[in-house]
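Biologist: I'm new to this structure and would like to learn how to read it. Could you walk me through some features, with the general idea each time and then the case here?

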Amino acid sequence: MYVTQTYDSGFFSSSSVKGVVYLVGAGPGDPELLTIKALKLIEKAEVIVFDRLVGKEILNLCNPDAEMIYVGKRCGKTSMKQETISQLLVDLALSGKNVVRLKGGDPFIFGRGGEEALLLAANNISYDVIPGITAALGCSASSLIPLTHRKLSRSVTFVTGHVVEGVLPAWAGLVECGQTLVFYMGLERADSIQNGLLSAGLSVCTPVAIVGKGCSPEQQVHTFELQQLIPMSQALVGLSPALIIVGEVVTLREQLMASLEEVATIGAA
Ligand code: SAH
């Protein structure tokens, strides 16, 4: 079945009798980076299904009367299976509940929101997708690493660290035009990433940054060369969530930080 949808109604409607599911991006952690649409929805949701990347500060903004269902990893136990989560959304909507499925960052960037939307559609459940600021964009701003720059990189690719397990790993394709690469879920796979990028011809001196707990008061930014990615990831083991940014644009951070310090010095004088 092929369904043509329009955005006019505000949500993708397949049926009007059941509850509606909103797939909502919560952004990279800072509650002020929520969209107004996301905030309005979490303030009035009847049920909120959320996972590990959604922090306390954002949960505190949710409707206090909402039923809160946690579906992430807890105390080393494995996460709820994706199929179970998707089915839960369907079941809640069928029982007439309006549900917010709250996800870190953006629901359609490595968030498995696509799988959830597909199951909702297959079950004729109405749903809407509210974008969020994905980790790469949040961390780019908060670490002062512009992901593109006219003279250094004219494109950027978001890559999952799982690329190393897939049919890809198309390392040559990733590095060919000197673009910026942002690896999500990459810290545990740093050895494959370092070896893959070097084998495809990137220089050992290529600038790299690891941004951990981005957009939070505990944010950490570590910059170094590609040849140090493996030891750095070992030293930072347990830092979560973390992104790896690879490319010449990483060097802009030092300049931007220096200019910030200069401004602060002038201000203090
Ligand atoms: N849908 C999310 C990504 C989910 S995958 C989004 O759009 O951002 C989870 C990965 O996202 C983590 O392993 C990490 O690589 C990255 N990530 C999410 N939030 C982050 C943050 N605040 N700081 C650094 N990396 C983050």
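Biologist: Which side chains does a polar contact of 2.6 Å join?

Modeller: A polar contact is a pair of N or O atoms within 3.5 Å; within protein, one must be able to donate a hydrogen and the other to accept it, and residues adjacent in sequence count only if both atoms are side-chain atoms. Here the side chains of Thr134 and Tyr184 are joined by such a contact, at 2.6 Å. Keep in mind that this is a predicted model: local features need pLDDT of at least 70, side-chain atom pairs count only at pLDDT 80 or more, and totals for chains, interfaces and linings use all residues. Residues are numbered from 1 along each chain as its sequence is written, and side-chain values use heavy atoms, with hydrogens and water left out.

Biologist: Where is Thr134 found?

Modeller: Helices (H or I, at least four residues) and strands (E, at least two) are DSSP runs, numbered from the N terminus. Thr134 is in the loop between strand S5 (126-130) and helix H5.

Biologist: And is Thr134 buried or exposed?

Modeller: Buried means under 20% relative accessible area, exposed over 50%, and partly exposed in between (1.4 Å probe, protein chains only). Thr134 counts as buried because its relative accessibility is 6%. You can read Thr180 likewise: this residue of strand S7 (residues 180-184) has 1% relative accessibility, so Thr180 counts as buried. The Thr180 side chain makes a polar contact with the side chain of Ser153, at 2.9 Å.

Biologist: Now the ligand. Which residues come nearest?

Modeller: A residue is near a molecule or strand if one of its heavy atoms lies within 4 Å of it. The ligand has 19 residues around it, and Asp106, Ile109, Thr134, Ala135 and Ala242 come nearest. Helix H5 (135-143) and strand S10 (242-246) each supply at least two residues of that shell.

Biologist: How many residues of each class does the shell have?

Modeller: For the classes, Ala, Val, Leu, Ile, Met, Phe, Trp, Tyr, Cys and Pro count as nonpolar, Asp, Glu, Lys and Arg as charged, and the others, Gly among them, as polar. This shell has 12 nonpolar, 5 polar and 2 charged residues. At least three residues come from each of domain 1 (20-133) and domain 2 (136-255), with domain bounds taken from an automatic or database domain assignment.

Biologist: How do I read a strand?

Modeller: In a regular strand the side chains alternate between the two faces of the sheet. In strand S4 (residues 99-103), Val99, Arg101 and Lys103 are on one side and Val100 and Leu102 on the other, and all are buried.

Biologist: Which strands pair with S4?

Modeller: Two strands pair if DSSP finds at least two bridges between them. Strand S1 (residues 20-25) pairs with S4 in the parallel sense over 5 bridges, and Leu23 stands opposite Arg101. Strand S2 (residues 47-50) is also parallel to S4, over 4 bridges, with Val47 partnering Val99. S1 and S5 run parallel too, joined by 5 bridges. S1 is largely enclosed by the rest of the structure because 6 of its 6 residues are buried.

Biologist: What about backbone angles?

Modeller: Most residues other than glycine have a negative phi, and most peptide bonds are trans. Phe110 has a positive phi, near 45°, and Met185 has one near 55°. Phe110 is in the loop between S4 and helix H4 (113-122). As for the peptide bond from Ser240 to Pro241, it is cis, with omega near -5°.
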